[in-house]
2 protein chains.
Amino acid sequence: MRAVDIIRTKRDGSELDADEIASFVRGATDGTGWTDYQLAALLMAIVCRGMTANETAALTRQMADSGKRLDLSDIAGPKVDKHSTGGVGDKTSLILGPLAAACGVIVPMMSGRGLGHTGGTLDKLESIPGFRVNLSEYEFHTALTKVGLALIGQTKDIAPADKKLYALRDVTATVESIPLITASILSKKLAEGISGLVMDVKCGAGAFMKTFQEAKQLAQSLASVGIANGLRVATFVTAMDVPLGRAVGNSLEIIESIETLKGNGPKDLTELSVKLAARMVQLAGLASTIKEAEKRVQNALDTGAGLEVFAQCIAHQGGDPRIIDDYALLPQVSGTMTIVAPRRGFVEMTAGAVGIASMVLGGGRERAEDVIDPSVGIVCRAKAGDRVDGGQVIYEVHYRAMSKLQAALPLLEESFAIADAPPAELPLVLEEST
Amino acid sequence: MRAVDIIRTKRDGSELDADEIASFVRGATDGTGWTDYQLAALLMAIVCRGMTANETAALTRQMADSGKRLDLSDIAGPKVDKHSTGGVGDKTSLILGPLAAACGVIVPMMSGRGLGHTGGTLDKLESIPGFRVNLSEYEFHTALTKVGLALIGQTKDIAPADKKLYALRDVTATVESIPLITASILSKKLAEGISGLVMDVKCGAGAFMKTFQEAKQLAQSLASVGIANGLRVATFVTAMDVPLGRAVGNSLEIIESIETLKGNGPKDLTELSVKLAARMVQLAGLASTIKEAEKRVQNALDTGAGLEVFAQCIAHQGGDPRIIDDYALLPQVSGTMTIVAPRRGFVEMTAGAVGIASMVLGGGRERAEDVIDPSVGIVCRAKAGDRVDGGQVIYEVHYRAMSKLQAALPLLEESFAIADAPPAELPLVLEEST
């Protein structure tokens, strides 16, 4: 079985069998039988010709098996994770993780870093002084056993084939492929040792999937391939046209997450976090209906049980839990400035531009190797649809370098508009699997 | 202009502009801005999405300009070459080159080596003791000035981008693409410094293009892209279902070429060689009609003028011209065996199998690095359509190693059949540009 023959098969639009896919994944893992240019050629053929559900399921399984699959079977309780395809101001992981864990779900959450206009959970967590995202496997186990929640980065042993393929896809214009996105996401999740996964597929101007149709396709692919690999999967397609919550930026998002766990969060963020957490509880088998699950999660929020888990998680991972009551312990900028509404009317806003402005301020990465500043970012004092008077604050901009502020300002000026009529109110959850 | 953006443009089915194509070709030439896996990804995107005539013309021009373009302007007379997409027993270059040169055409022919079931002109020539295909540019000039014909290999300065891309295409299943084939062929031909080109696109079981439709598409692409780059082009689509002539194998094909130049050649080979040579004469502007051109070529054949040019060419390139009258000076095997018709009837034959049998005997290459044996091969004593009696010789097999003979025999046995009725006689020239 030669690489060139496998590439030819896909190029001609035929289905690859499990052995052919295994050969490809082995090639991506350690180079056996495949060069980088052969991997790239097959990736492009997959982008152009697609993959069947069977092929995608096999690819996902092989990629998960390319490295270590964690064995969490010695930890009692159902293990369920949540994954989002990335958005602006999306800090739900920091809220629903503690809430689900407070309801008895074991949440072994491996997250990523931010790139471009989207933020990353790891970056946000690292704004907490002392917080370690690189736990050893032993520490990860202990955290799950004691706290029920561990928030870490992907270790190098997890799905090495995905690391290789992702690096290649990034520079060969082969990122945009539902089968490849599905396999990349699920291979890492399968390797976590979970039994259930809640997927939040973001859709809109601030998301990777721009249209509902694309987002729905990805959600369906994730569901069917996850199920084919023995996972219980629930999928959501949620709107990402405007920032989720009010805060965009690492330290600022930690504060907003804590406020939300204290019951003072923005409505959209609170609602979505509760909804996703409830699905985790339901997938874990800890509630028989969604309604019951939501009640349990709401209770964990109302009683402060979720906040308590987050505090324990921070402490367990080396962070300073006093930040929960003293935000001054988080990295902060000395200077803020505000952007105000030029006139009375209703706010319109675009998430992507706000995300890029935060990146430009230093809060995100243009390239994977960029170093971020945890303290900078943007707080949306007005949200899309809000009625504002002229002079009322829209954005509070937390900046450090004046040069970066100057680069971010035009982006922010263009990211919102004041309309005469209120915009049509769009639902946050566009679709939800049954 | 980043490689990844150029790849994305083609992946999404859009047209690349001249600058984007120039970037790609520069990357293929010296690696500037492009890695091998990015080149491979774009090649696959081109295979899947195609290229417009404009794109292919730009690609061809850029590839020709990636190295040295020979300047033959100091040699008086029209320079015209012929190129074939490769077949079994196709030795027309060795016949039409001398014939066209005898009619006054300057023929600066750069040829290739055999691979798989197809033979290569260079391999055939090298069976002539002393013959050098690697002339210096100065020697090449001198040969063209004095003889009017030079038969050489592609120098390393000619279209280096094509060398790189071809090597990549071979191992990434991106060979089968009409735009890429067009650019590969014509970039090298443009670099030869010719003004006219006759293209023989082979079509059938023994050719790269299996169907008439594909062959016709390639012929049209070659014509339009050649013309867009200032070449006068004539195209033929010719049948390659059965070997051309009777001899398959390097030394054996040299003998058959000389016999043809002596007027004793097989009908199909003679006819096609004359037809193609006549088109070269016409493209050179040395005859106003095809009929007149054919008359001149036929005259060069009948008078032995073509044979005389071939003898001069051999002598000028270091070969022993005495082979023309003494075939014993060519490499020969000691053993031949014959395969006979099992019964009376009409011969059916498949070119591909005969070509592979010759390769297996040692006359061709399975891989580019294989060393060939010039003496082995097959002579078809009966041709497709011939009426034979049981016991009559079909193939005369020239072999050296018994083990290779044993491997070739079953292929040869399966390469022909005896039918009760004569096969439908198909024309040799399936289509010819006006």
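In this predicted model, strand S4 of chain B is covered on both of its faces. On one side sit B:Gly196, B:Val198, B:Asp200 and B:Lys202, and on the other B:Leu197, B:Met199, B:Val201 and B:Cys203; every one of these is buried.

What does S4(B) pair with? Strand S1 of chain B (residues 80-84) runs parallel to S4(B), and five bridges join the two. Within S4(B), B:Asp200 has B:Ser84 standing opposite. Strand S5 of chain B (residues 232-239) also runs parallel to S4(B), this time with eight bridges. Here B:Met199 has B:Thr235 of S5(B) as its bridge partner. To get from S4(B) to S5(B), the chain passes through helix H10 (residues 212-228) of chain B, making a right-handed β-α-β crossover.

Now for the aromatic rings. Searching the whole structure turns up four aromatic pairs over all chains. One of them brings together B:Tyr395 and B:Phe416, arranged edge-to-face, with 5.7 Å from centre to centre and 90 degrees between the planes. This pair ties together distant parts of the chain: B:Tyr395 belongs to strand S11 (residues 393-399) of chain B and B:Phe416 to strand S12 (residues 416-419) of chain B, with the two residues 21 apart.

Note on methods: Residues are numbered from 1 along each chain as its sequence is written. Chains are lettered from A and ligands numbered from 1 in the order in which they are written. This is a predicted model: local features need pLDDT of at least 70, side-chain atom pairs count only at pLDDT 80 or more; totals for chains, interfaces and linings use all residues. Side-chain values use heavy atoms; hydrogens and water are left out. Rings of Phe, Tyr and Trp (its six-membered ring) pair if their centres lie within 6.5 Å; planes under 30 degrees apart count as stacked, over 60 as edge-to-face and the rest as tilted. Helices (H or I, at least four residues) and strands (E, at least two) are DSSP runs, numbered from the N terminus. Buried means under 20% relative accessible area, exposed over 50%, partly exposed in between (1.4 Å probe, protein chains only). Two strands pair if DSSP finds at least two bridges between them. A crossover is right-handed if, with the strands pointing away from the viewer, the path from the first strand over the helix to the second runs clockwise.
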